[in-house]
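Here is a short tour of one protein chain. Keep the viewer open and find each residue as it is named.

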Amino acid sequence: MQNAKMQNKVRKAIIPAAGFGTRMLPATKSVPKELLPIVDRPILDYIVSEAFAAGIEHVIIVTGRMKGAIEDYFDHAFEVDATLRRAGKNPLADRLATATPDVGSISFVRQQQARGLGHAVWTARHIVGDEPFAVLLPDMLMVDHEPCLKSMTSLHQRHGGNVVAVERCLPEEAHKFGIVSLKQTIAGALVDGLVEKPAPGTAPSNLFISGRYILQPEIFNILERQEPGAGGEIQLTDAMITLMKDQEIRAFEFGGRTFDCGNPAGFVAANLHMAMTRADIAAGISGEMHALMAPIRAIA
């Protein structure tokens, strides 16, 4: 019984971070999109923190060429620490040291070819092994009183199987996302249909997969044989359609705010939102926003 319970616990998480960040060019020519700051922390720092807050013990970050700065960020910066302490800024040095993940809690694996999300997940198969795991997309900053993945792991502990986070989009925007259809059961909502970026007007619903997954390890064998799908890439959604023939996929409808930080509008919105939650800078940001809106109010 104890072994079965431990096997059901989600201990590892994959964060695919090998993409070029083309929607955020030219900033991402030299800076990984995952390290662009939301106020004073990189986007990826928020995502890793969400994973650890959900009880994840080992985070696997899938990187690519020109992404070495990601590994450096999660390392202990000896020079910075020493410089801060010489300057008497011990509280700041202590804060940075506390925020550095424990030794061995983060691994890195390189996706040597840009072949899509499904391929990126498959790249981490040897580190994950034969146990359930989470996937967190680093573009999607999800904010709520309880972290999205923590809510999902609680659901997984009750029911096992696979879990995906879903949200509602405008029906006319459904062609931009991986869309699910659901069936209601006594035990909750189960996914009964999946389609990646359906043609406009053909989506089965306006519920899209919003960047958090808990998956069983059987999906690795499916991904290994998966043919390229939308965009000529190995799509995780396509593999999940095959997985769904043998295993349930449960839906968790996220009720917080999600910011797509992979595009300029979402990135700016995330910065404003997170800045307004900070007691040390909220007043200044609020004043600046008020001043920016004044000409619009005057015209109206």
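A charge sits over a ring if NZ of Lys or CZ of Arg is within 6 Å of the ring centre and within 35 degrees of the ring normal. Arginine 125 meets this rule: it lies over the face of tryptophan 122, at 3.6 Å from the ring centre. Arginine 41 lies over the face of tyrosine 46, at 4.0 Å from the ring centre.

**Ground rules**

This is a predicted model, in which local features need pLDDT of at least 70, side-chain atom pairs count only at pLDDT 80 or more, and totals for chains, interfaces and linings use all residues. Residues are numbered from 1 along each chain as its sequence is written, and side-chain values use heavy atoms, with hydrogens and water left out.

**Confidence**

The score pLDDT is the predictor's confidence in each residue, from 0 to 100. The chain has a mean pLDDT of 89, and 96% of its residues reach 70 or more. Helices (H or I, at least four residues) and strands (E, at least two) are DSSP runs, numbered from the N terminus. Over residues 1-6 the pLDDT is below 50. Beyond near neighbours in sequence, this stretch has zero contacts in the model; contact means heavy atoms within 4.5 Å. Where pLDDT is low, the predicted coordinates should not be read in detail.

**Aromatic pairs**

Rings of Phe, Tyr and Trp (its six-membered ring) pair if their centres lie within 6.5 Å; planes under 30 degrees apart count as stacked, over 60 as edge-to-face and the rest as tilted. By this rule there are three aromatic pairs.

Phenylalanine 133 lies in strand β6 (residues 133-136) and phenylalanine 220 in helix α9 (residues 219-225), so their pair ties together parts that are 87 residues apart in sequence. Phenylalanine 133 is buried at 0%, and phenylalanine 220 is buried at 6%.

In the other pair, phenylalanine 177 lies in the loop between β8 (162-168) and β9 (178-185), and phenylalanine 208 in strand β11 (residues 207-215), so parts 31 residues apart in sequence are tied together. Phenylalanine 177 is partly exposed at 22%, whereas phenylalanine 208 is buried at 8%.

**Buried places**

Look next at helix α10 (residues 236-243). Six of its eight residues are buried, so the helix is largely enclosed by the rest of the structure. Among the buried residues are Leu236, Asp238 and Met240. Their cover includes α6, β8, β10 (188-196), β11, α9 and β12 (249-253).

Histidine 156 sits in helix α8 (residues 148-159). Its relative accessible area is 1%, so histidine 156 is buried. Leaving aside neighbours within four places in sequence, its contacts include Asn8, Pro132 and Ile214.

How many disulfides are there? A disulfide is a pair of cysteine sulfur atoms within 2.5 Å. By this rule the count is zero. Cysteine 148 has its nearest cysteine sulfur, that of cysteine 261, 14 Å away. Cysteine 148 is buried at 1%, and cysteine 261 is buried at 3%.

**Loops and backbone**

Most residues other than glycine have a negative phi, and most peptide bonds are trans. Valine 39 has a positive phi of about 65° although it is not a glycine. This valine lies in the loop between β2 and β3 (41-42) and is partly exposed at 26%. Methionine 66 has a positive phi of about 70°. It is found in the loop between β4 (58-63) and α3 (68-73) and is exposed at 61%. The peptide bond from leucine 25 to proline 26 is cis, with omega near 10°. Proline 26 is in the loop between β1 (12-16) and β2 (37-38).

Arginine 115 lies in the loop between β5 (106-110) and α6 (117-123). It is partly exposed, at 36%. Not counting residues up to four places away in sequence, arginine 115 touches Glu233 and Ile234.

Definitions and conventions:
Buried means under 20% relative accessible area, exposed over 50%, partly exposed in between (1.4 Å probe, protein chains only).
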